[in-house]
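Please read it beside the sequence and the model shown here.

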Amino acid sequence: MRVVRLASEIDFVGWREAARSLRGQGVAPDTIIWTVDGEGDLFADPEPLAPPSPGGFTVSREFLELAEAVILHRSAERFSLLYRMLWRLAAEPNLLRIATDPDVVRANDFARQVSRAAHKMKAFVRFRTVGADPEAYAAWFEPAHRVTESVAPFFAKRFANMIWSILTPDVCIHWNGAQLAVTPGADPADAPGEDALEDYWRTYYASIFNPARLKVDAMTKEMPKRYWRNLPEARLIPDLIAAAEGRTTLMVAQAPSQPNRVVRQMARTARDATFDALSPQSLEAVSAGVDACRRCPLYKEATQGVPGGGPAPARLMLVGEQPGDQEDLAGRPFVGPAGQMLDKALAEAGVPRSETYVTNAVKHFKHALRGKRRIHQTPNPSEVTACRWWLDAERRLIRPRVVVTLGATAALSVFGKATPIGESRGIALQLPDQAQGVVTYHPSYLLRVPDAASKAKAYMLFVQDLRFAWELAS
Amino acid sequence: MVALTLKRKLEILSDAAKYDASCASSGTVKRDSVGGKGVGSTDGGMGICHAYAPDGRCISLLKILLTNFCVYDCAYCVNRVSSNTPRARFSVAEVVDLTLGFYKRNYIEGLFLSSGIIRSGDYTMEEMVAVAKSLRIDHDFRGYIHLKVIPEASPALVNEAALYADRISINVELPRDTSLADLAPEKDAVGIKKAMGRVRLGIDQANEKPIKTKPPKFAPAGQSTQMIVGADAATDGEILAKSAGLYGAYGMRRVYYSAYSPIPDTTSRLPPVRPPLMREHRLYQADWLMRFYGFAHDEITVQGVDLDLDIDPKLAWALRNRGDFPVDLNTAERETMLRTPGLGVRSVERMIDLRRYKQLTLEDVKRLTRRLDKLKPFIITADWRPGALTDKADLRARLTPPQQLSLF
């Protein structure tokens, strides 16, 4: 047996020289033991190689390229496999074309695995910052085959203006911004600790994953588990997989969501625009329109839309808040307890009901159920705004000289802003359409005032305001 | 409004970007950072996948939206204006810093930037271009950039995008123009086609032989597009016809198919379903046949007909065209061999190499391919003839891979 000792595991030049010499001397493949410096103690010292015979022989560029790749494979048989192929090439110059030959299959497999290992190294090295220098980086990596030095130029070109090191168990490579240097293999402990950006990278990794498309095999085929321990994102994988089915089931089972606020607003605007083009031209049209109105959700729980009532035109218009329980059922405004209070006060102020149009700022009854009772709820500004269009239509048709707002909601609707009653009552407020506005209490407020003296006082002011309004209108 | 942390923004804006199938970093020119000030290289050929998510998809680029605020209301999209999804917006500098930070740690090949439409198409496109410009000019970034183009943006902005980006893409979104009108009312099928057409003209112009001065760079990795599968009623026949049209008219590098996937906030206009992943897979196989195997779209399947989910489209074609088989592997033309089910481009090339030196036997074929049993009814070798096997009535059943059984 001939022992051949090469300088290193990836000593292609040494292998090529030895192989050239041995084939020149006719040393058969099965009589050679290939070793690498440092593991030679087991074997006899190698015989010095004879100088290559003059004349020599040639092999194709393709074989050299294949051999250069195969040398990087971790398999112990790679040197002898290549020498056997070199030996056979003498008699079978087209050997590499025979893709089904067992030696060729094996060499091609090795070359493919080495190429893949190099590709995965380009992909899976993860740099971490070193010390205070923001442009100095280092990585710990465990390549599947001995590809580190062959991949080094890739990193040097990609990160030419950084300072970096890649540490592996086989060998370490370093780039100082100008030159590559190679040092012996290192230990994981030599690598820097976690980088602050790794948390962001994990956030990205988890978020870009679509749980509805779980394909674990496809992932592990391309990102084999042997690489996971040096990939900061890999620790998330078990949890992401475990939660995926549940997340998907939830998404599929969920009810469709309501459009968000912005869109509801846009939809409302669009819908209102349509209504504007069809503005009602009569009180009958208002009455029918109010009933069919879907501008706000209040129609859902109410019995009907309640339009105003009274003559058209009328000098005076009274605007309340919204229909109550009774009004909702009757379909006419101010027929309940508050209506009775209003009738009494109008009579006392000397205002003829026959000259007065009575309506509400909001046409549907807003309430909440308490047991079997429907409890009044104050309409919110968006409901008031939605319904204002109907009130405006009524004002256009009635053409009142004076509009009396009863309570805060009516004032909000008519004046377009919150108008405190205590401060604003007793005076005439100019409205854009040449009518005058008068602010006063809502009759139901008078019903709620607890002590008799305050109640009497409020009632007196209320009658006073109605009389003031009627005088303005006359 | 409470200010979002950068990490929370990243979470929202990458979650919002995951429905774009493409993450390719391939097909651009070769360049590196030697002699420059920054980082980055591209090798001109295939890209690098730096990680794989448990959905099996490659993570090559930082794929994010600039913002997921959007004024459009596309039913299939989680970022539609009516969705209640959390919203966020990156500043130009934030995207630039994240891209460079990730790149320097070797997490990514570059950036794939898309965006919801805010204010106007031009405003949005300007912001996206500003990111690419800052990376290229301020930081001399030489990695990969893929920009999504807003079809409504002005041609001048698209040209600027193409100057900095390797690849640009405009999503056709849905196979049928009528479904686009239904599900994405603000999008305009004609406008999308016009934008793709302008991109193609730009690419062609940049690739012309320079007469005096070299034309400005224009997306050296070309353009691609994406179609959502399963959100409308289009059949696979329609989809492949549409793809063939896109490849033909606009020189697409790729048409991506994205199975309509349930989103966390669905609209009643488009109920959530489990994504039709097998259908998507078959479409990719069919697309592959069109691009690399010389098949016309209507040979694979015709208008109104879906692909067979149980068997791959090449096998399905062979079963419909048994008169063309068996194929003698020792004498057949390359084109004929490529149409044989079970033979890929690589194995065909090795066989052609090999048969110059020896007669191919079944044993040779076995070493060069994965599944001999699938191949045997369709081939002739020195030592094999399928005889009546090719015409057997139950051939389809024999070749259909067994369904995976689920635990009951």
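## Conventions

Buried means under 20% relative accessible area and exposed over 50%, with partly exposed in between, for a 1.4 Å probe and protein chains only. Helices (H or I, at least four residues) and strands (E, at least two) are DSSP runs, numbered from the N terminus.

The model is predicted, and therefore local features need pLDDT of at least 70 and side-chain atom pairs count only at pLDDT 80 or more, whereas totals for chains, interfaces and linings use all residues. Residues are numbered from 1 along each chain as its sequence is written, chains are lettered from A and ligands numbered from 1 in the order in which they are written, and side-chain values use heavy atoms, with hydrogens and water left out.

## Helix 12 of chain A

Helix 12 of chain A, residues 337-349, has 13 residues and spans 19 Å from its first C-alpha to its last, close to the expected 18 Å, where the expected span is 1.5 Å times one less than the number of residues. Its buried residues are Ala338(A), Gly339(A), Met341(A), Leu342(A), Ala345(A), Leu346(A) and Ala349(A). Because these cover an arc of only 155 degrees around the axis, they lie on the same side of helix 12 of chain A; the arc is that of the directions from the helix axis to the C-beta atoms. An α-helix has 3.6 residues a turn, so residues three or four places apart point the same way.

The face turned away from the buried side of helix 12 of chain A carries the exposed residues Pro337(A), Gln340(A) and Ala347(A). Among the elements covering the buried residues, by contact (heavy atoms within 4.5 Å), are strand 8 (316-320), strand 12 (402-406) and helix 17 (452-473) of chain A. After helix 12 of chain A comes Gly350(A), with a positive phi near 80 degrees.

## Aromatic rings and charges

Rings of Phe, Tyr and Trp (its six-membered ring) pair if their centres lie within 6.5 Å, and planes under 30 degrees apart count as stacked, over 60 as edge-to-face and the rest as tilted. The count over all chains is 28 aromatic pairs. In one of them, Phe127(A) and Trp164(A) have ring centres 6.0 Å apart and planes at 50 degrees, so the pair is tilted. This pair links distant parts of the chain, 37 residues apart, with Phe127(A) in the loop between helix 4 (102-124) and strand 3 (128-129) of chain A and Trp164(A) in strand 5 (residues 163-167) of chain A. Both Phe127(A) and Trp164(A) are buried, and both belong to an aromatic cluster that also includes Tyr103(B) and Phe141(B).

A charge sits over a ring if NZ of Lys or CZ of Arg is within 6 Å of the ring centre and within 35 degrees of the ring normal. The charged end of Arg23(A) is placed in this way over Phe57(A), 3.7 Å from the ring centre, and that of Lys7(B) over Tyr200(A), 5.2 Å from the ring centre.

## Backbone angles

Two peptide bonds are described here as cis: the one from Ala312(A) to Pro313(A), with omega near -5 degrees, and the one from Phe325(B) to Pro326(B), with omega near 0 degrees.

Arg119(B), which is not a glycine, has a positive phi near 60 degrees, and at 66% relative accessibility Arg119(B) counts as exposed. Ala219(B), also not a glycine, has a positive phi of about 35 degrees, but Ala219(B) is buried, with a relative accessible area of 1%.
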